[in-house]
Amino acid sequence: MLELTVEQISIGQTAVDKSAALRLLADKLVADGLVAAGYLSGLEQREAQGSTFLGQGIAIPHGTPETRDQVFATGVRLLQFPEGVDWGDGQIVYLAIGIAAKSDEHLRLLQLLTRALGETDLGQALRRASSPQALLKLLQGAPQELALDAQMIGLGVAAEDFEELVWRGARLLRQAECVSNGFAAVLQQVEALPLGDGLWWLHSEQTVLRPGLAFVTPDKPIRYLGQPLSGLFCLASLGEAHQALLERLCALLIDGRGQELWRATSTRAVLEVLGGELPADWPSARIALANAHGLHARPAKELAQLAKGFDGEIRIRLADGQEPAVSLKSLSKLLSLGARRGQVLELIAEPSIAAQALPVLLAAIEQGLGEEVEPLPTVAAPVDVPQELAAPVSAPAAGSLVQAVPAAPGIAIGPAHVQVQQAIDYPLRGESPAIERQRLQQALGEVREDIQGLIQRSQAKAIREIFITHLEMLDDPELVDEVDTRLKQGESAEAAWMSVIESAARQQESLQDALLAERAADLRDIGRRVLAQLCGVLAPVEPEQPYILVMDEVGPSDVARLDPARVAGILTARGGATAHSAIVARARGIPALVGAGASVLLIKSGTPLLLDGQRGRLHVDADSHTLQRAAEERDTREQRLKAAAEQRHQQARTTDGHAVEVFANVGESAGVAAVVEQGAEGIGLLRTELIFMAHPQAPDEATQEAEYRRVLDGLGGRPLVVRTLDVGGDKPLPYWPIAQEENPFLGVRGIRLTLQRPQIMEAQLRALLRSADNRPLRIMFPMVGSVEEWRQARDMTERLRREIPVADLQLGIMIEVPSAALLAPVLAKEVDFFSVGTNDLTQYTLAIDRGHPTLSAQADGLHPAVLQLIDITVRAAHAHGKWVGVCGELAADPLAVPVLVGLGVDELSVSGRSIAEVKARIRELSLAQARTLAQQALAVGSANDVRALVEAM
Ligand code: PEP
Ligand code: MG
């Protein structure tokens, strides 16, 4: 990343003209090994295309895209010209910043500089600077302003206690990039200051990046140190930036008006009282930037100049960013956005000029602001679409075969039902408020009718409830009032409706509560429905017969909501096989393919699809012969499963009499009866986090005990292997905030997290021990990576066990982290059992995110490296007389069963639907044959080789 340092600065340089200055710069860049000798011509060509003069005596010469291949390393060199160099048009440069950049890193530099560019008379100061240090200080600019806007305020956030409220405040600051990770922990150490009126104040300078103030109020009364806690200020303090705000706040408190803050029902009201940045209630419009190199100096200059032609205020912000809008007329502010190709810009204009200015500015941006632009792909892709998916693609042709990641087995045949959001264009200004109001009412009426139809047709209660919530949202009087205000200002029904919906959704999201964030998604969903109705864009009609749902990506809750009677199969552009959504699809028996690439989103709804969830293949508009063969295979598989199902209650023994236990993975007490009925000999993995997720708040000890009791009751004496709470990574708990992490999968998850919250872990352990009643209970800890973690968890459990005795208790760990597998010989002496979580073990061994859109197909648990770790684990366990289970998705893979049995795994734990099939597979094997196979598998080089070995068996 580009940063400014004193070593890059040479002061006291002279150059007779611009060419000489460029030569000096190029020589410096070459001498320092940043660029090849020919880079000078790149600098010259770039100046010929347009001056790089920025203002305030600064120019930023850089090469053209064609000369990027001459850059060896990204970097900058700064030359001070105290006598000035004429850069053309009478613009005098005192500081030339030569940039060698391989891509768009220079945008970051521009962002850094723009703080300084806001200063008056900077040019003269730069000219006079007598040392690199002094010059750097000038560039680093004036004291920063305190960040305080709507995004920094969270009203009525879910918080149980002071600690959680602090965490919420710190998180707002983190999201606004005022602080780095760890600020929450810093604040927890600081003594809070009571301000009176239920308001509290916390501040720190540690880990602060820029000054900012967050204000949060709890959703229910909280007390702290014996006093009410109704509102909390968290200040990321840097210099004097907060001084004015603090004075204002003191005056407010002296006037006895503190309650206005925590009683406020809108962020706007809080900002009005505190004097923060008010969101402008002005017409706005959005457009995606198509310029290849983002909004760099040249197009930015063009845009700022165009804006200056309008007599009124116009602002701009990144639609997906946290930063407040900045003036569109200021080149430096524009550059400070650091906007890249594909990012959506929001332009906001004073009502008096909006109707003229916005269309002109949008058109200019669309046309590239003086640059030739390649249009962006038309499919409205989510902002974080990976590059490989964002590239323009075409739909797979009829008769073609698409390879994807097999996520849930089974063959599904049906028409495609594509659910992708298309961008909808609409006018910003309306004909008249009366006409626009009438159009909106009509659209709302039609959408209301549609939703009522959906409610009637939905059989699942959870789905009906979602639509009922949508109806309530449509009738929300506050939304209607706000839309009407905008209509009166001359906006079109579409523009007024969408901006109100978007700001309501953003407000929900700013509360940083996962449940409310889901409401934001619901709001956007109805927002789009109404917009589509207004614009006459028809949504694809849900086919009558069972269909293949095609989406960009599905979340576990999306899959849980699907009606398997209507959805024959799932096909997604992104995702991986061990992502939790794929696990839910498997558990629900819906065949699924994931990670098929963006092209599948271009398939026309209604196109006949054939999806093979076992082999990972999608046939598009297959010929009748292929369809017939697939249908036959589907029927054969069904028959095989039927035959296996008849023997589901019998033990699984190999042909030479070796018994392997087949247990079930479950996530809720309600599922126990079903898995027993499906042939489970016990539960091999109770994912307790799913029980926690099913509650709106952390279930207390008694609630948990009742849940665990229900599971044990349902098992009728069969063993229960329970995993303690495993959250973090891709499994957040809505009510249990976890600090944002760069790499959540490598962060505080599983046992690491619960050991940090011993009260929660102890409550869970107590509930488990109490529920046992001498029935066989096995407790295991997720994500253990060291002996200390295991011992801490074990000691805690043993301590509680002295209070709550349990006769038949075993304690074990999950083997999900390579370090645990490698330490198995040490751990095996102390644990009662191991259970291998192959989903995570594979991800951590192969360094492939289990949900990665394109790589996860390679995250195959049959990789010999993963098998080696399982082998170490089993050998170590057996040497000490302990047993080993496998509870990851690999246990249910028909090709993996012989290998795992051959490695000596004693128990396989799979989803209820797979039990009969896995048992049938074990019965086909001999242990001797499986052992030989396993030894061969350990000796090959790839998962594909292992699969080939098994197929050839
Ligand atoms: C695993 O990692 O294999 C496992 C069973 O745990 P989860 O999939 O819930 O992370
Ligand atoms: Mg896991």
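**Close-up views: buried glutamate, magnesium site and salt bridges**

Glu-689 is buried, at 0% relative accessibility (buried means under 20% relative accessible area, exposed over 50%, partly exposed in between, with a 1.4 Å probe and protein chains only). The model is predicted, with local features needing pLDDT of at least 70 and side-chain atom pairs counting only at pLDDT 80 or more, while totals for chains, interfaces and linings use all residues. Residues are numbered from 1 along each chain as its sequence is written, chains are lettered from A and ligands numbered from 1 in the order in which they are written, and side-chain values use heavy atoms, with hydrogens and water left out.

**View 1. Glu-689 and Arg-723 form a salt bridge.** The closest N and O atoms of this pair are 2.4 Å apart (a salt bridge is a side-chain nitrogen of Lys or Arg within 4 Å of a carboxyl oxygen of Asp or Glu). Arg-723 lies in strand S28 (residues 720–723) and Glu-689 in helix H24 (residues 688–693), so the pair links distant parts of the chain, 34 residues apart (helices are DSSP runs of H or I, at least four residues, and strands are runs of E, at least two, numbered from the N terminus). Arg-723 is buried, with a relative accessible area of 2%.

**View 2. A network of salt bridges includes Glu-689 and Arg-723.** Also linked in this network are Asp-726, Arg-749, Asp-840 and Arg-850.

**View 3. Glu-816 and Asp-840 coordinate the magnesium ion (ligand 2).** The contacts, through OE of Glu-816 and OD of Asp-840, are at 2.0 Å (donors are N, O and S atoms within 2.8 Å of the metal, or 3.2 Å for Na, K and Ca; water is not among the atoms, so sites may look incomplete). Glu-816 sits in the loop between strand S30 (809–815) and helix H29 (818–822), and Asp-840 in helix H31 (residues 838–846), so the pair ties together parts that are 24 residues apart in sequence. Glu-816 is buried at 2% relative accessibility, and Asp-840 is buried at 2%.

**View 4. Asp-484 and Arg-437 pair in a salt bridge.** Their closest N and O atoms are 2.6 Å apart. Because Asp-484 belongs to helix H17 (residues 477–488) and Arg-437 to helix H15 (residues 433–457), the pair ties together parts that are 47 residues apart in sequence. Arg-437 is partly exposed, at 29% relative accessible area.

**View 5. Asp-635 and Arg-634 meet in a salt bridge.** The N to O distance is 4.0 Å. Asp-635 is partly exposed at 37% relative accessible area, and Arg-634 is partly exposed at 28%. The count for the model comes to 44 salt bridges.
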